Amino acid sequence: MKKLLRVGTRGSKLALAQTNWVVNQIRTRYPEVQIEKVIIKTKGDKILDVPLAKIGGKGLFVKEIEEALLRKEIDFAVHSMKDVPSELPEGLGIVAIPEREDPRDVFVGRELKSFSELPEGAKVGTSSLRRQAQLKRLRPDLEILPLRGNVDTRLRKLSEGQYEAIILAEAGLKRLGLDVEREPLSPEIMLPAVGQGVLAIEAREEDVETREILASLHHPKTALCAQAERAFLKRLQGGCQVPLAAHATLTDGLLVIEGFIADTEGRRFYRERLEGSPEEGEALGIKLAEILLERGGQEILAELLA
């Protein structure tokens, strides 16, 4: 067995917290294996003043890390699943998916405690088109303003009064151990991003030893849900440039997946729910995407990706 593994990660506090969690899990199971962290700056880390949708979105936080994997400068990588494009470079694979953290979005107000307390015309910060479309659908009066940067930066901008509220991922706050007063938003109000709260551990497919070590972290139920959500995303080929979401759960032996596609203002909003056996997750994700495309999603894609 390998005695040293090199893990590639972004340098943000959240990326390091996620990587440290994975490293600790491996050390618990394989105390004889040493792990060296390699910090890699990605394009998404360098461009902080432009919404992701305007610079392409796909692979912005993983491309340079995947290139290091292919050059064998690192042995594996830890990503947020929602950052991983639906198609991977040849020779690489997602070899382990740990158990999902809370996938919900949360409302964080500067003074307000709840989304329902937002006054008319309130300034809300998010750079996610997915969140923007759902916010606009619920409250067309809100002023949605761009918000980039790491979690600390976003919270600082909120405290400075640039926004009356911001929307963040609960998983990130939990992994960072931040005691921030927030209101979790149910998926009925704010459907999470594909893969939100899920970690993806990527390695070279040929590297059998590393894959065997990482396999001990795999959580099959989370993987089934992530597979269904990513099949939905792959069929739509939308990425960050299109407001869309899908969230799958396992309930009473069934896999239930909900998804939507919308225009950026949330005026045309198509949402559907399917259920079936867990083994059909990928097919369900594709079928859900095709239903939404037929309803009007195809026109939205044509407009936004033109």
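Good morning. I begin with two strands: β5 (residues 105–109) and β8 (residues 165–169) run antiparallel and are joined by five bridges. Here strands (E, at least two residues) and helices (H or I, at least four residues) are DSSP runs, numbered from the N terminus. Two strands count as paired if DSSP finds at least two bridges between them. Within this pair, D105 stands opposite A169 in β8.

A word on the source: this is a predicted model, in which local features need pLDDT of at least 70, side-chain atom pairs count only at pLDDT 80 or more, and totals for chains, interfaces and linings use all residues. Residues are numbered from 1 along each chain as its sequence is written, and side-chain values use heavy atoms, with hydrogens and water left out.

To which sheet do these strands belong? They are part of an open sheet of five strands, in the order β7-β6-β8-β5-β9, with mixed pairing. β7 (143–145) and β9 (183–185) are the edge strands, each pairing on one side only. From one strand to the next, the twist averages 30 degrees.

Next, the helices. Helix α4 (residues 129–138) lies across β5, β6 (123–125), β7 and β8, and runs at about 130 degrees to β8. α5 lies across β5 and β8, at about 165 degrees to β8. Contact means heavy atoms within 4.5 Å. Axes are lines fitted to C-alpha atoms, for helices over the stretch in contact, and angles run from 0 to 180 degrees between N-to-C directions.

On a 1 Å grid over the protein atoms alone, a cavity is a set of points where a 1.4 Å probe fits but cannot get out; a pocket is an open set with protein on both sides within 12 Å along at least five of seven lines; lining residues have an atom within 4 Å of a point. Grid points are joined across faces, edges and corners, and a volume is the space filled by probe spheres set on the points.

A search of the whole structure finds one cavity of 30 Å³ or more. The largest cavity has a volume of about 40 Å³, and its lining consists of K13, L14, N150, V151, D152 and L176. α1 (13–29) and α5 (151–159) each give two or more residues to that lining.

Finally, the second largest pocket has a volume of about 350 Å³. Of its 17 lining residues, S86, Q227, R230, A231 and E282 lie nearest its centre. Which helix gives the most to this lining? It is α8, with seven residues. Thank you.
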